[in-house]
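Have a look at the sequence and the model before reading on.

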Amino acid sequence: KYVQDVLDLMHKKFGLRTHVEYAKRGKWCNIRFHSKIVATLFSRLFGRGFNKKTVPYWMLTLPLKKQKGLLMGILRGDGFPILNRHTTNIRVTMSNPHIVYAVWAMFARMNILGSFRKDNLQALSTTNPYTCVVTSHSAGALTQEIFPQAEIHKITQIAMQRHLYKY
(Lines give C-alpha, C1' and ligand atoms only; values in the text may rest on other atoms or scores of the structure.)
Protein backbone atom coordinates (compact mmCIF):
# COMPACT_ATOMS: atom_id res chain seq x y z
CA LYS A 1 0.00 0.00 0.00
CA TYR A 2 2.74 2.50 0.93
CA VAL A 3 4.65 1.73 -2.24
CA GLN A 4 1.54 2.42 -4.29
CA ASP A 5 1.08 5.73 -2.42
CA VAL A 6 4.60 6.79 -3.47
CA LEU A 7 4.05 5.67 -7.06
CA ASP A 8 0.77 7.62 -7.24
CA LEU A 9 2.33 10.71 -5.63
CA MET A 10 5.32 10.76 -8.00
CA HIS A 11 3.00 10.41 -10.99
CA LYS A 12 0.54 13.04 -9.74
CA LYS A 13 3.11 15.67 -8.67
CA PHE A 14 5.91 15.10 -11.19
CA GLY A 15 4.31 13.09 -14.01
CA LEU A 16 6.85 10.31 -13.47
CA ARG A 17 6.51 6.59 -13.84
CA THR A 18 8.63 4.70 -11.36
CA HIS A 19 10.33 1.34 -11.19
CA VAL A 20 10.06 -0.80 -8.05
CA GLU A 21 12.78 -3.30 -7.15
CA TYR A 22 11.68 -5.72 -4.43
CA ALA A 23 14.29 -7.38 -2.25
CA LYS A 24 14.89 -11.07 -2.71
CA ARG A 25 15.22 -11.39 1.07
CA GLY A 26 13.35 -9.29 3.57
CA LYS A 27 10.37 -6.99 3.24
CA TRP A 28 11.84 -3.90 1.61
CA CYS A 29 12.12 -2.37 -1.82
CA ASN A 30 13.78 0.40 -3.77
CA ILE A 31 11.64 2.82 -5.72
CA ARG A 32 13.50 4.36 -8.64
CA PHE A 33 12.43 7.19 -10.85
CA HIS A 34 14.55 8.70 -13.57
CA SER A 35 14.42 12.48 -13.71
CA LYS A 36 17.36 14.86 -13.59
CA ILE A 37 15.02 17.69 -12.60
CA VAL A 38 13.56 15.85 -9.59
CA ALA A 39 17.00 14.50 -8.61
CA THR A 40 18.40 18.04 -8.68
CA LEU A 41 15.43 19.35 -6.67
CA PHE A 42 15.78 16.65 -3.99
CA SER A 43 19.56 17.12 -3.89
CA ARG A 44 19.21 20.87 -3.37
CA LEU A 45 16.47 20.46 -0.77
CA PHE A 46 17.96 17.63 1.29
CA GLY A 47 21.61 17.31 0.29
CA ARG A 48 23.50 14.22 -0.83
CA GLY A 49 24.86 11.15 0.89
CA PHE A 50 23.07 8.60 3.04
CA ASN A 51 24.28 10.16 6.29
CA LYS A 52 24.57 13.82 5.24
CA LYS A 53 21.03 14.68 4.09
CA THR A 54 19.11 17.22 6.17
CA VAL A 55 15.54 18.43 6.46
CA PRO A 56 15.58 22.16 5.64
CA TYR A 57 14.71 24.47 8.51
CA TRP A 58 11.69 25.87 6.71
CA MET A 59 10.20 22.35 6.57
CA LEU A 60 10.54 22.15 10.35
CA THR A 61 8.36 25.26 10.67
CA LEU A 62 5.63 24.23 8.22
CA PRO A 63 2.03 24.05 9.45
CA LEU A 64 1.51 20.85 11.43
CA LYS A 65 -0.77 19.31 8.79
CA LYS A 66 1.98 19.53 6.17
CA GLN A 67 4.62 18.34 8.62
CA LYS A 68 2.43 15.38 9.45
CA GLY A 69 2.55 14.32 5.78
CA LEU A 70 6.35 14.56 5.74
CA LEU A 71 6.58 12.66 9.02
CA MET A 72 4.27 9.92 7.74
CA GLY A 73 6.38 9.53 4.60
CA ILE A 74 9.62 9.22 6.57
CA LEU A 75 8.13 6.76 9.06
CA ARG A 76 6.43 4.61 6.45
CA GLY A 77 9.71 4.44 4.54
CA ASP A 78 12.17 3.93 7.39
CA GLY A 79 10.09 3.48 10.53
CA PHE A 80 8.16 0.59 11.99
CA PRO A 81 5.78 -0.20 14.84
CA ILE A 82 7.22 -2.52 17.50
CA LEU A 83 5.52 -4.08 20.51
CA ASN A 84 7.40 -3.16 23.67
CA ARG A 85 5.91 -5.28 26.44
CA HIS A 86 2.38 -3.83 26.65
CA THR A 87 2.46 -0.85 24.33
CA THR A 88 3.32 -0.30 20.69
CA ASN A 89 6.22 2.03 19.93
CA ILE A 90 6.99 3.74 16.66
CA ARG A 91 10.69 3.51 15.94
CA VAL A 92 12.76 5.04 13.17
CA THR A 93 16.43 4.11 12.91
CA MET A 94 18.78 5.59 10.30
CA SER A 95 22.46 6.31 9.83
CA ASN A 96 21.52 9.95 9.44
CA PRO A 97 21.33 11.91 12.71
CA HIS A 98 19.90 15.00 10.98
CA ILE A 99 16.81 13.23 9.61
CA VAL A 100 16.17 11.29 12.84
CA TYR A 101 16.50 14.51 14.84
CA ALA A 102 14.05 16.19 12.44
CA VAL A 103 11.56 13.35 13.11
CA TRP A 104 12.02 13.89 16.85
CA ALA A 105 11.53 17.67 16.43
CA MET A 106 8.35 17.22 14.35
CA PHE A 107 6.92 14.90 17.01
CA ALA A 108 7.82 17.50 19.66
CA ARG A 109 5.96 20.21 17.72
CA MET A 110 2.89 17.94 17.89
CA ASN A 111 3.32 17.65 21.69
CA ILE A 112 4.48 14.05 21.33
CA LEU A 113 7.54 13.38 23.44
CA GLY A 114 9.94 10.81 22.10
CA SER A 115 13.46 9.67 22.70
CA PHE A 116 16.46 10.38 20.50
CA ARG A 117 19.63 8.36 20.84
CA LYS A 118 22.85 7.38 19.13
CA ASP A 119 23.12 3.60 18.89
CA ASN A 120 26.24 1.45 18.87
CA LEU A 121 28.16 0.91 15.67
CA GLN A 122 27.18 -2.44 14.13
CA ALA A 123 29.55 -4.90 12.47
CA LEU A 124 30.36 -3.85 8.90
CA SER A 125 28.78 -0.40 9.47
CA THR A 126 30.65 2.79 8.69
CA THR A 127 28.47 5.15 10.78
CA ASN A 128 26.48 4.88 13.98
CA PRO A 129 22.72 4.49 13.66
CA TYR A 130 20.41 6.96 15.39
CA THR A 131 16.96 6.15 16.72
CA CYS A 132 13.82 8.08 17.61
CA VAL A 133 11.09 6.22 19.54
CA VAL A 134 7.59 7.31 20.58
CA THR A 135 4.88 5.24 22.25
CA SER A 136 1.39 4.77 20.89
CA HIS A 137 0.14 6.17 24.18
CA SER A 138 1.86 9.50 23.57
CA ALA A 139 1.30 9.50 19.79
CA GLY A 140 -2.39 8.63 20.08
CA ALA A 141 -4.33 8.37 16.83
CA LEU A 142 -1.26 9.34 14.79
CA THR A 143 0.18 5.86 15.36
CA GLN A 144 -2.87 4.23 13.79
CA GLU A 145 -2.89 6.75 10.95
CA ILE A 146 0.76 6.12 10.07
CA PHE A 147 0.49 2.32 10.28
CA PRO A 148 -3.19 1.48 9.72
CA GLN A 149 -2.58 -2.28 9.28
CA ALA A 150 -0.61 -2.65 12.52
CA GLU A 151 -2.13 -3.93 15.72
CA ILE A 152 -1.57 -1.08 18.18
CA HIS A 153 -1.48 -1.62 21.95
CA LYS A 154 -2.05 1.48 24.09
CA ILE A 155 -1.56 0.59 27.73
CA THR A 156 0.55 2.88 29.88
CA GLN A 157 2.92 1.76 32.60
CA ILE A 158 0.69 3.42 35.22
CA ALA A 159 -2.37 1.57 33.89
CA MET A 160 -0.38 -1.67 33.95
CA GLN A 161 0.61 -1.06 37.58
CA ARG A 162 -3.03 -0.40 38.48
CA HIS A 163 -4.03 -3.58 36.66
CA LEU A 164 -1.40 -5.65 38.51
CA TYR A 165 -2.30 -4.09 41.86
CA LYS A 166 -6.00 -4.78 41.31
CA TYR A 167 -5.43 -8.48 40.65
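In this predicted model, the largest nonpolar core has 25 residues, and the members that touch the most others are Leu71, Leu75, Val103, Phe107, Ile112, Leu142 and Ile146. Where do these core residues come from? At least two are supplied by each of α4 (64-78), β4 (87-94), α5 (97-109), β6 (130-135) and α7 (141-146). The top contributor is α5, which gives six residues to this core. If you're wondering about the general background, nonpolar side chains in soluble globular proteins tend to be buried together.

Pick out Ile146 and see what it touches. Setting aside residues up to four places away in sequence, Ile146 touches Tyr2, Met72, Leu75, Arg76 and Ile90. Leu75 is also on the list of core members that touch the most others.

Now zoom out to the whole chain. How many helices and strands does it have? You can count eight helices and six strands. Trace them from the N terminus and you'll read the order α-β-β-α-α-α-β-β-α-β-β-α-α-α. Now think about contacts between residues with a separation of 6 or more: 54% of them link residues 24 or more positions apart. As for what is tucked away, 31% of the chain's 167 residues count as buried.

The chain exposes about 11600 Å², and 57% of that comes from carbon and sulfur atoms. Phe14 belongs to helix α1, which covers residues 2-14. Is Phe14 buried, exposed or partly exposed? Its relative accessibility is 35%, so Phe14 counts as partly exposed; the partly exposed range lies between under 20% for buried and over 50% for exposed.

Last stop: Asn51. You'll find Asn51 in the loop between α2 (36-46) and α3 (57-60). Which residues does Asn51 contact? Leaving out neighbours within four places in sequence, Asn51 is in contact with Ser95, Asn96, Pro97, His98 and Thr127.

Definitions and conventions. Residues are numbered from 1 along each chain as its sequence is written. This is a predicted model: local features need pLDDT of at least 70, side-chain atom pairs count only at pLDDT 80 or more; totals for chains, interfaces and linings use all residues. Side-chain values use heavy atoms; hydrogens and water are left out. Helices (H or I, at least four residues) and strands (E, at least two) are DSSP runs, numbered from the N terminus. Contact means heavy atoms within 4.5 Å. Buried means under 20% relative accessible area, exposed over 50%, partly exposed in between (1.4 Å probe, protein chains only). Accessible areas come from the Shrake-Rupley method with a 1.4 Å probe; for residues, only the protein chains shown count as cover. A nonpolar core is a set of buried Ala, Val, Leu, Ile, Met, Phe, Trp, Tyr and Cys residues joined through side-chain atoms within 4.5 Å.
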